[in-house]
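Subject: Structure for your files

Hello,

Here is the structure we talked about, with the sequence. My notes follow below it.

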Amino acid sequence: MAEQPVDVEPGGQNVAGEAPAAEPEAVTDDTTVHDDDVELERTIGLVGGLAIGIGTMIGAGIFVFPGLAANNAGLAATLSFAIGGVVALLVALPTSELATAMPRSGGGYYFISRGMGTAYGAIVGLGLWLGLMFASAFYLVGLGHYASAVFAELGIGLPISPVIGIGLLFGAALTALSIAGTENTAKIQNVVVGILLVVLTGFLSYGVLDAVGVFGGGTVPEQFFSRGYFPVLTTAALVFTSYLGFAQVATVAGEIKQPGRNLPLAMVGSVLVVTVFYVVTIFVATSAFGADRLGQFGETAMVEVARDFLGLPGAVAILGAGLLATFSSANASILSASRAVYALSRDALLPRKASEVNLRYGTPHVALLAAGGPILVLVATGQVELLAEVASFLHLIMYGLMCVALIVLRRRNPEWYSPSYRVPGYPVVPAVGALASFGLIAFMQPASIGIGIVVMLVSYLWYRYYAENVTLKGDI
């Protein structure tokens, strides 16, 4: 897969006198080669791509959100997760086309900056970096809750809550792991996701059979819209953080083997698999306890569901799976956040230092530190729902603009735009994807929207100060 000719190379300089790096000299199925002799190796295959997508999404959606979602929307939270899955699929299809045309690290930032210009790219790129940090912090806090539940299960009393401390510890450890190489990270991700899918398939199969009366007397479903209709949409906005994983596959597109084939399969496949798991999980959980009681259990509600079905062994199994899932989500998010920093730096929207590649490990170590450090600060807040919604807000903005960028590129039809996969149903699918992404924002909490808008404003002001003279493809 050779690099196609481009209409114009990136140009201009930032305030530090740095110009954007030239486009890659070659993009093959094995590596991305730049003219400064930097090679970003493609070490992640289809299984690894699916593992990043599924592993990121399956953590929060199944192990942290059921109690919170049921408390907000009742049994209709199943519909909330389904809505999230439909929106994600509408975006995953256009993203697959963009990713096969531009299989580079940076994902949505790269697509938007090349399709719509530097200003849009700067807002989205810096927002993606910060959004992934909010998401990573959310996953790490969830991991802390599950680890705390392990201590409680073992009867170990602690003078203070270990939630924040454990989240900080794992945040630092995962950052160090990613610096040591993406191949190591991908291998761990594959193993973790494999174990998770086995445990969840067994647990949910038992739960469905219990709910329909094969075991015991079955459960009479409560009123579906017990909380009303509006909470279904507000809950969909909250839980959309669960669906960020497919876009994180695109963020590491520069390291995916055979991107023309593996990127679309990994993104669309991970959305479909995880949506089924989410909907079944909420159905099983609400069948066990009902929405009111399930909501009282909070972030570790699934542990109590497993205990109800299978006693102590079930609780222990789900505790272990919850630890693995939140670990997996945080692992993939930290990796993706660093690649956003790497792409911004190569385009001179951040200092060039941030895109340095470690000669020993072949990873952008400065970018990883730039992602991992702020994540620890966010973990210290411990605000689960707020962290989740801010991450959702920033990603929904990016998702909507990716769909717009696809339409813009199709209409301009530049010589270099030659995707190996084309979205079906164009232009309806990307147009509906954009409208659905922007529309879901309206149902978020005002605080989350406010913080998201501040992040976007700061990103724009940074661009105007630091890189206003930088031009990328979309500026032509």
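Which residues of H15 are buried? Bear in mind that this is a predicted model. The buried residues of H15 are Val429, Pro430, Gly433, Ala434, Ser437, Leu440 and Ile441. These residues lie on the same side of H15, because they cover an arc of only 140° around the axis. Val428 and Leu435 are exposed and sit on the face of H15 turned away from its buried side.

As for its dimensions, H15 runs over residues 428–441, which is 14 residues. From first C-alpha to last, H15 reaches 20 Å, close to the 20 Å expected at 1.5 Å a residue.

Next, a position in another helix. Ser459 belongs to helix H16, residues 446–466. With a relative accessible area of 3%, Ser459 is buried, since the cut-off for buried is under 20%. Leaving aside residues up to four places away in sequence, Ser459 touches Ala122, Ile123, Leu126 and Gly127.

Last, the surface. Leu154, Ile156 and Leu158 make up a nonpolar patch there, and their accessible area together is about 280 Å². Ile156 counts as partly exposed, at 40% relative accessibility.

Regards

Methods:
Residues numbered from 1 in each chain as written. Predicted model: local features only at pLDDT ≥ 70, side-chain atom pairs only at ≥ 80, totals over all residues. Heavy atoms only, no water. Helix = DSSP H or I, 4+ residues; strand = E, 2+ residues; numbered from the N terminus. Expected span 1.5 Å × (residues − 1). Buried < 20%, exposed > 50% of the residue type's maximum accessible area, 1.4 Å probe, protein only. Arc of directions from axis to C-beta. Contact = heavy atoms within 4.5 Å. Patch = residues over 30% accessible without salt bridge, like charges linked within 9 Å, V, L, I, M, F, W, Y side chains within 5 Å. Areas by Shrake-Rupley, 256 points an atom, 1.4 Å probe, with all protein chains shown as cover. Salt bridge = Lys/Arg side-chain N within 4 Å of Asp/Glu carboxyl O.
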